[in-house]
Amino acid sequence: AKHMPGFKKLLIMGVTLSLCGGFVNGYFLLHASYRLVVSHLTGHTTTSAINFGRAENVDDHLIQRENYMNGAKSLAIIASFFFGSVSCSFIVGDLR
């Protein structure tokens with residue numbers, strides 16, 4: 001059997017990858033010519049944070065509502081991903 005890394009090492013690697021993904025998404029979302037989400041979970045997390053932040057700094061109620069709705073859509077995508085992942089793990093776990 002191959003040597004498996006310990007939990008602490010896996011945790012550090014996972015957090016590092018998440019931070020890298022968030023940084024890349026932040027750059028591509030905030031850069032004037034791109035404004036794209038380039039990954040799924042961290043991209044939509046960054047998008048929701050940006051939209052909620054923009055909503056707090058706007059006086060126009062229609063633009064504020066649009067920003068809140070866009071942030072809520074991103075959170076709905078995250079919740080759907082989480083629900084799908086949990087559901088699939090139960091299905092696959094039962095098949096073993």
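1. A quick word on terms before the details: two residues are in contact when they have heavy atoms within 4.5 Å of each other. Keep in mind that this is a predicted model, in which local features need pLDDT of at least 70 and side-chain atom pairs count only at pLDDT 80 or more, while totals for chains, interfaces and linings use all residues. Residues are numbered from 1 along each chain as its sequence is written, and side-chain values use heavy atoms, with hydrogens and water left out.

2. Start with Asn67, which sits in helix α3 (residues 61-95). Helices here are DSSP runs of H or I with at least four residues, strands are runs of E with at least two, and both are numbered from the N terminus. Setting aside residues up to four places away in sequence, Asn67 touches Asn51, Arg54, Ala55 and Val58. Asn67 has a relative accessible area of 9%, so it is buried. The cut-offs are these: buried means under 20% relative accessible area, exposed means over 50%, and partly exposed is in between (1.4 Å probe, protein chains only).

3. The protein chain has three helices and zero strands, and from the N terminus on its elements run α-α-α. Of its 96 residues, 18% count as buried. Take the contacts between residues at least 6 apart in sequence: 20% of them join residues at least 24 apart.

4. Now for the pairing of α1 and α2. The axes of helix α1 (residues 7-30) and helix α2 (residues 41-56) come within 8 Å and cross at roughly 50°, which means α1 is oblique to α2. The axes are lines fitted to C-alpha atoms, for helices over the stretch in contact, and the angles run from 0 to 180 degrees between N-to-C directions. Under 35 degrees counts as roughly parallel, over 145 as roughly antiparallel, 65 to 115 as roughly perpendicular, and the rest as oblique.

5. The α1 and α2 crossing is right-handed; that is the label when the near helix is turned clockwise from the far one by less than a right angle, and left-handed is the anticlockwise case. On the α1 side, the contact is made by Ser18, Gly21, Gly22, Asn25, Gly26, Leu29 and Leu30, and α2 brings Thr42, Gly43, Thr46, Thr47 and Ile50. These residues divide into three nonpolar, nine polar and no charged. For that tally, Ala, Val, Leu, Ile, Met, Phe, Trp, Tyr, Cys and Pro are nonpolar, Asp, Glu, Lys and Arg are charged, and the others, Gly among them, are polar.

6. Gly22 is worth a click in the viewer. This glycine of helix α1 is partly exposed, at a relative accessible area of 23%. Gly22 is in contact with Thr42 and Thr46, leaving aside neighbours within four places in sequence. Gly22 and Thr42 are 20 residues apart in sequence but 5.3 Å apart in space, C-alpha to C-alpha.

7. Over in helix α2 there is Ser48, which counts as buried at 5% relative accessibility. Apart from neighbours within four places in sequence, Ser48 is in contact with Gly71, Ser74 and Leu75. Ala76, found in helix α3, counts as partly exposed at 40%. Ala76 and His44 are 32 residues apart in sequence and 9.3 Å apart in space, C-alpha to C-alpha.

8. Last, the cysteines. Cys20 is partly exposed at 43% relative accessible area, and Cys88 is partly exposed at 47%. Counting a disulfide as a pair of cysteine sulfur atoms within 2.5 Å, the model has zero disulfides.
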